[in-house]
2 protein chains.
Amino acid sequence: MRIVSLAGGIGGARFLRGLLTTAPDSEITVIGNTGDDISLFGLRVCPDLDTVMYTLGGGINEEQGWGRREESHVVKEELAAYGVEPQWFGLGDRDFATHIVRTQMLDAGYPLSAVTEALCARWQPGVRLIPMSDDRTETHVVISDERGRRAVHFQEWWVRLRASVPAEQIILVGADQAVPAPGVLEAVAAADVVLLPPSNPVVSIGTILQIKGIREALEGKTVVGVSPIVGGAPVRGMADACLTAIGVPTTAQAVLELYGPALVDGWLVAEEDAGVALDGVEVEARPLIMHDLDSAAALARAALDMAVRLASPVTSTPSPTDTPATDTPRTDVSPGEGA
Amino acid sequence: MRIVSLAGGIGGARFLRGLLTTAPDSEITVIGNTGDDISLFGLRVCPDLDTVMYTLGGGINEEQGWGRREESHVVKEELAAYGVEPQWFGLGDRDFATHIVRTQMLDAGYPLSAVTEALCARWQPGVRLIPMSDDRTETHVVISDERGRRAVHFQEWWVRLRASVPAEQIILVGADQAVPAPGVLEAVAAADVVLLPPSNPVVSIGTILQIKGIREALEGKTVVGVSPIVGGAPVRGMADACLTAIGVPTTAQAVLELYGPALVDGWLVAEEDAGVALDGVEVEARPLIMHDLDSAAALARAALDMAVRLASPVTSTPSPTDTPATDTPRTDVSPGEGA
């Protein structure tokens, strides 16, 4: 079974760990978001790629969900003693080493995809992790504060401002030039199914979908997504602030509509969101909260089973052409578009 | 009193700390050796500048004489876990921050002298520390081993090989192009006296003297040097291996001759080397070992007093033109060339 998954940070990484547990023999390719990458102290930091790599490789700080376990912060303290900015981004000493290796390789001319592969040679994440693009893109957020209307790096808005200032616009700088990294479109083409974990629909999944050709490639596949919104609130993070910025309500329904039936064939929502429905998309209600590895594995299994069923050309459910999904009241049996 | 001192690493730094203690109101400019600078993991490391800065700024690891006190080595361990080379150079976490700040500033276009000044803004070393040159020079050592005859970076020979393989040649790569950093020649011109601490005469002091114009500028000043060799052995480090490479015996006499009377006006040797003498150079025997701050201050005071005396146009000792130094048996009263 060949599975492609898009992924942002914590939610994506935990979903993937569940997927690896429940489908250990699958060949999983993860297309990682690099829109929130940032250069700090001359070092290239790729938060989402690293969260996936550390989580699947056993190096993650489980409590905070990002960064390394058994971490120290000596380098950061010293940089602060030199008065170097920014001081609001929490890089640990172990994490610094990753950024040092990455930056050295990038400076030597290796593309980010090759660098990521090299870093993964240590971590052995059990998946093939590919950045969405080797081209540099950066998510910037337009805000207005006492300094006027201006664009800040996504991390400044997210980490320093804690998304407390409304995002007026979210822009992926470089998106018009960026092309998918080598292997991305090939992996999608070869995939039996595609899964969208409950990553941020705007600045994680939405970012990946902006890279030329990726959305189009996915639209030809069987795609099952997991709602990042439960009962009108993000499961974690501040996805609501991102959704508001693009005029989308913070509901499982609205995120599904954002992705749309051209992209998504199946959609998993929480039990309290069981009423969600969209033409051409099969919706199932499942426990979405990943408390632990078992619940993450169960969620991944539900998404994978649904995708496999939708991808199968012969099913016991009515054919989409016979029974339009619009009229069915039972979301757990509404047929998807198929592959 | 305006004092200029050249400096390598540990010996120079400890001498300077003594000098600051004994002459706190002096205006001291230190010209630091950058020949043993090295790029590691994409970061620019300046061991001698940092040893001076940390020692005078109170951040040095007193036991080892270099690196930071209360140091940890998490980043280095992590780099090793990634399999990144070299693993033989002992960078600590606190030290890494210095190299990160330096590299970021260099990459932004600041010359090393400006970077050093910025780093010193934190450390407040009490001296003006200027690298010998903003141009990149690197000391390479020609060795022959099982891999054949080849040049290695000085640090590889010094740290990895512990100078155990004979140095056939020691070359300052870039010396023919390098010019003194801004302020170097001006400081020498304005100096009342110049002191040469017991730094390595080949790869520290000797390196600085290779930068175009520095030796010539010093030859016009009153210069007092402290022998780095006591009783036929280096006080610390492996200066003997460097001296052998350039065909100079490891004696206080030979190092004095290496510097020569055109450069040095006064020379401090250890009591067991009291017989050292050279035409045109006044030699004094003093305790040279810097056990602690008091002994370092006493040594610096001896060098400074001698330099001040030699620089003074009116002295109670016979004029150099009246009594050639060659014939005087008492090394502690032999007149120097004066300023």
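1. Ground rules. This is a predicted model, in which local features need pLDDT of at least 70, side-chain atom pairs count only at pLDDT 80 or more, and totals for chains, interfaces and linings use all residues. Residues are numbered from 1 along each chain as its sequence is written, chains are lettered from A and ligands numbered from 1 in the order in which they are written, and side-chain values use heavy atoms, with hydrogens and water left out.

2. Two domains in chain A. Domain 1 takes in 1–36 + 134–325, and domain 2 is 37–131. These bounds come from an automatic or database domain assignment. The two centres, taken over C-alpha atoms, lie 23 Å apart.

3. How the domains of chain A meet. Contact here means heavy atoms within 4.5 Å. By that rule, 33 residues of domain 1 touch 28 residues of domain 2. About 2500 Å² is buried between them, with 58% from carbon and sulfur atoms. Buried area is the accessible area (1.4 Å probe) that two parts lose on being put together, summed over both. On the domain 1 side, A:Arg17, A:Thr34 and A:Asp134 lose the most area to domain 2, together 20% of what that side buries.

4. A salt bridge is a side-chain nitrogen of Lys or Arg within 4 Å of a carboxyl oxygen of Asp or Glu. Two are found across the interface of domains 1 and 2 of chain A. A:Arg17 forms a salt bridge with A:Glu62, with the closest N and O atoms 2.7 Å apart.

5. Elements facing domain 2. Helices (H or I, at least four residues) and strands (E, at least two) are DSSP runs, numbered from the N terminus. In chain A, α1 (10–22), β2 (27–32) and α6 (154–160) each supply at least two residues of the domain 1 side. The largest share, six residues, comes from α1(A).

6. A:Glu138 forms a salt bridge with A:Arg44, at 3.1 Å between the closest N and O atoms. The partners are 94 residues apart: A:Glu138 sits in strand β6 and A:Arg44 in strand β4 of chain A. Over all chains, the search finds 34 salt bridges.

7. Chain A against chain B. Each chain has 26 residues in contact with the other. They bury about 2200 Å² between them, 64% of it on carbon and sulfur atoms. In chain A, A:Glu78, A:Tyr82 and A:Arg122 lose the most area to chain B, together 30% of what that side buries. Six salt bridges cross this interface. A:Glu78 pairs with B:Arg122 in a salt bridge, the closest N and O atoms being 2.7 Å apart. Ten residue pairs are in polar contact between the chains. Among the elements giving two or more residues to the chain A side are α2 (47–57) and α3 (74–81). α4(A) gives the most, with eight residues.

8. A sheet in chain B. Three strands form an open sheet in the order β7-β6-β8, with antiparallel pairing. Two strands pair if DSSP finds at least two bridges between them. β7 (148–153) and β8 (169–173) are the edge strands, each pairing on one side only. Six bridges join β6(B) to β7(B), and B:Val142 stands opposite B:Ala151 in β7(B).

Note on methods: A polar contact is a pair of N or O atoms within 3.5 Å; within protein, one must be able to donate a hydrogen and the other to accept it, and residues adjacent in sequence count only if both atoms are side-chain atoms.
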